[in-house]
There are 2 protein chains.
Amino acid sequence: MRALILHANKFGTKVITKSNWPKGIEPEKRKSLAEDMKNCLVVFFCVENGDTEKQLGELYQEILKTADEVKTANLMIAPFVHLSKNIAKPNVAKELYEKLMKKFEKTNFIIKSSHFGYHKSLLLDIKGHPGSFRYREFY
Amino acid sequence: MRALILHANKFGTKVITKSNWPKGIEPEKRKSLAEDMKNCLVVFFCVENGDTEKQLGELYQEILKTADEVKTANLMIAPFVHLSKNIAKPNVAKELYEKLMKKFEKTNFIIKSSHFGYHKSLLLDIKGHPGSFRYREFY
């Protein structure tokens, strides 16, 4: 599992079309036309072949640690296939994405997510202080 | 070598401070306070341990191919360490970045680059059509 965790002034995304790649992907139900968030941690993450709840748990802990360091309670979870050539089957990626969202349900974070399984535009405004870009791998 | 190639409406970056990581990094001379570009291909690329001009040549070819497909002559080259845990020594990364810029000198592209060796803010507005996000690895 790989992740790019960014401390943002602003995140925005608009749904364009359903994705038909990787083969067999089932896009989640479209919950909105767009998602936006200000002053947040943006968590792009890519589920790879072999990933289980172990790697997901490590990502979850890393998000908690980073949110604490940059002092934000706003999280934008962004499933993102474009961080690896060894991506998981889409049903596994979707399941782990849903489980990650569930982990945050009982927390005090304000949490949103970008749509799983869609082509989307992306607006990113990243702060740029040391530590506002963090690349992580969990194996 | 890893790369994230994005088809953007807009790219912007502002220099914040010199980076002192990875150890031994020598930031390039600051050429401006900020770099901006509209309707361009943004090429984030990360030089990894063992990368040579072979991988750089493959990246160069991929940029040409992608620019042709999305029909743009505007290129923003963005050295980006946050795509791998196996990064090259900073002098190697800098040398290959400079060589990449040199390769484009004799082409008709309008080419800019974000600063090597600085913490920078980042503004990205990505189109979102299928093919506007491309992750590549060159080994």
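**Ground rules.** I worked from a predicted model, in which local features need pLDDT of at least 70, side-chain atom pairs count only at pLDDT 80 or more, and totals for chains, interfaces and linings use all residues. Residues are numbered from 1 along each chain as its sequence is written, chains are lettered from A and ligands numbered from 1 in the order in which they are written.

**Chain contact.** I took two residues as in contact if their C-beta atoms, placed from the backbone, lie within 7 Å. The contact draws 21 residues from chain A and 21 residues from chain B. On the chain B side, I found two or more residues each from strands E1 (2-18), E5 (118-126) and E6 (133-137); strands are DSSP runs of at least two residues, numbered from the N terminus. E5(B) gives the largest share, 8 residues.

**Across the chains.** I counted 5 bridges between E5 of chain A (residues 118-126) and E5(B), in the antiparallel sense; strands pair if DSSP finds at least two bridges between them. Ile126(A) stands opposite Leu122(B).

**Within chain B.** I looked up the partners of E1(B).
- E2(B) (residues 34-46) pairs with E1(B) antiparallel over 12 bridges, and Gly12(B) has Asp36(B) as bridge partner.
- E5(B) pairs with E1(B) antiparallel over 9 bridges, and Phe11(B) is partnered by Leu124(B).
- E6(B) runs antiparallel to E1(B) and is joined to E1(B) by 5 bridges.

**Contacts of one valine.** Leaving out residues up to four places away in sequence, I list Leu6(A), Ala8(A), Phe11(A), Met76(A), Ala78(A) and Leu124(A) as touching Val42(A).

Key: Helix = DSSP H or I, 4+ residues; strand = E, 2+ residues; numbered from the N terminus.
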